[in-house]
Amino acid sequence: MPERPAPEVNCPHCGKKTPFSPDNRWRPFCSERCRMVDLGEWFNEEKRIPEDSPDWPGDES
Ligand SMILES: [Zn+2]
């Protein structure tokens, strides 16, 4: 009996198809980055993504 393929979902952050399986620890996101970025939209005061975020609005004084 063949293994049932994991269902695919679209990453809520980038929309990329990603397997919704126990192997995917970031599900339903495609990666840790998407998960963190998505959470960062809620907690961006504390959860900064050090790379790939050159300019955060309202962060200059
Ligand atoms: Zn993603």
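Modeller: Here are the metal site and a few side-chain contacts, taken from a predicted model.

Colleague: Which residues coordinate the zinc ion?

Modeller: C11, C14, C30 and C34 do, each through SG. The distances run from 2.3 to 2.4 Å.

Colleague: And what is the geometry of the site?

Modeller: Tetrahedral. The angles among the 4 donor atoms are 103 to 118°.

Colleague: How are the donor residues spaced in sequence?

Modeller: The pattern is C-x2-C-x15-C-x3-C.

Colleague: What about C14?

Modeller: C14 is partly exposed, with 44%.

Colleague: And where does C30 fall?

Modeller: C30 has 21% relative accessibility, so it counts as partly exposed. Buried means under 20%.

Colleague: That leaves C34. Buried or exposed?

Modeller: Buried, with a relative accessible area of 7%.

Colleague: Switching to rings. How many aromatic pairs are there?

Modeller: The count is 0.

Colleague: What sits over the ring of F20, then?

Modeller: The charged end of R27. It lies 5.9 Å from the ring centre.

Colleague: Why does that count?

Modeller: The cut-off is 6 Å from the ring centre for CZ of Arg, and within 35 degrees of the ring normal. R27 is at 5.9 Å from the centre of the F20 ring.

Notes:
Residues numbered from 1 in each chain as written. Predicted model: local features only at pLDDT ≥ 70, side-chain atom pairs only at ≥ 80, totals over all residues. Heavy atoms only, no water. Donors = N, O, S within 2.8 Å, 3.2 Å for Na, K, Ca; no water. Tetrahedral: all angles 85-135°; square planar, octahedral: opposite > 155°, others 65-115°. Buried < 20%, exposed > 50% of the residue type's maximum accessible area, 1.4 Å probe, protein only. Phe/Tyr/Trp six-rings, centres within 6.5 Å; stacked < 30°, edge-to-face > 60°.
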